[in-house]
Amino acid sequence: MALARDLEASKRDFEEVADTLFAHRFNGHVFHKSDDYQEKSKSLIGLMNDIRKLLPDDQVHLLNKYDDTLALMEAITEEFAYKAGFMDAMVMLYQIRTEPKIGG
């Protein structure tokens, strides 16, 4: 039972560390500097502009709303995936260090 309590306390600590690391990693926007990201970004801007030209002026706001909503959803997904991976790694390390060796 104490091990379960320790694991829960560690998870809370890991979540705080994950939040801090996530903020540091993604606020730096390191991935935005990659050539592949830059290429895809330019392509997306071109596609959005092409679609924007096809829309009547009174409907362009819908494309902007779509783009904003999609970007927010992607940010939520990225943050979740990053933190989930970090938490999984921390729990695994905790278990490796605290559980008795199997078969030993």
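Biologist: Which residue forms a salt bridge with Glu39?

Modeller: Lys40 does, and the closest N and O atoms are 3.9 Å apart. Keep in mind that this is a predicted model.

Biologist: Is Glu39 buried or exposed?

Modeller: Glu39 counts as exposed, because its relative accessibility is 52% and the cut-off for exposed is over 50%.

Biologist: What else does Lys40 form a salt bridge with?

Modeller: Lys40 also pairs with Asp36, where the closest N and O atoms are 3.7 Å apart.

Biologist: How far apart are Lys40 and Asp36 along the helix?

Modeller: About one helical turn, because they are four residues apart in helix α2, which covers residues 35-54. Asp36 has a relative accessible area of 48%, so Asp36 is partly exposed.

Biologist: How many salt bridges does the structure hold?

Modeller: Three. Besides the two with Lys40, the side chains of Glu79 and Lys83 meet in a salt bridge, 2.7 Å from N to O.

Biologist: Where do Glu79 and Lys83 lie?

Modeller: Both are in helix α3, four residues apart, which is about one turn of the helix. Glu79 counts as partly exposed because its relative accessibility is 30%.

Biologist: Let me step back. What does the secondary structure come to?

Modeller: Three helices and zero strands. From the N terminus on, the elements run α-α-α.

Biologist: And how many residues does α3 have?

Modeller: α3 has 39 residues. From its first C-alpha to its last it reaches 57 Å, close to the 57 Å expected at 1.5 Å a residue.

Biologist: Which residues of α3 are buried?

Modeller: Val60, Leu63, Phe86, Met87, Met90, Val91 and Tyr94. Across the protein, buried residues make up 13% of the 104 residues.

Biologist: Which residues make up the largest nonpolar core?

Modeller: There are six: Phe14, Ala18, Phe86, Met87, Met90 and Tyr94. The largest share, four residues, comes from α3.

Biologist: Why would nonpolar side chains be found together like that?

Modeller: As a general matter, nonpolar side chains in soluble globular proteins tend to be buried together.

Biologist: Take Ala18. What does Ala18 touch?

Modeller: Leaving out residues up to four places away in sequence, Ala18 touches Tyr82, Lys83 and Phe86. Lys83 is also the partner of Glu79 in the salt bridge, and Phe86 is another member of the core.

Biologist: How many of the contacts join residues at least 24 apart?

Modeller: Among contacts between residues at least 6 apart in sequence, 76% join residues at least 24 apart.

Biologist: Now the outside. Which residues form a nonpolar patch on the surface?

Modeller: Met92, Leu93 and Ile96, with about 280 Å² of accessible area together.

Biologist: Which helix is Met92 found in, and is Met92 buried or partly exposed?

Modeller: Met92 is in helix α3. Met92 counts as partly exposed, because its relative accessibility is 47%.

Biologist: Last one. What does the accessible surface of the protein come to?

Modeller: About 8,600 Å², and 61% of that belongs to carbon and sulfur atoms.

Note on methods: Residues are numbered from 1 along each chain as its sequence is written. This is a predicted model: local features need pLDDT of at least 70, side-chain atom pairs count only at pLDDT 80 or more; totals for chains, interfaces and linings use all residues. Side-chain values use heavy atoms; hydrogens and water are left out. A nonpolar core is a set of buried Ala, Val, Leu, Ile, Met, Phe, Trp, Tyr and Cys residues joined through side-chain atoms within 4.5 Å. Buried means under 20% relative accessible area, exposed over 50%, partly exposed in between (1.4 Å probe, protein chains only). Helices (H or I, at least four residues) and strands (E, at least two) are DSSP runs, numbered from the N terminus. Contact means heavy atoms within 4.5 Å. The expected span of a helix is 1.5 Å times one less than its number of residues. Patches are made of residues with over 30% relative accessible area and no salt bridge: like charges are joined within 9 Å, nonpolar side chains (Val, Leu, Ile, Met, Phe, Trp, Tyr) within 5 Å. Accessible areas come from the Shrake-Rupley method with a 1.4 Å probe; for residues, only the protein chains shown count as cover. A salt bridge is a side-chain nitrogen of Lys or Arg within 4 Å of a carboxyl oxygen of Asp or Glu.
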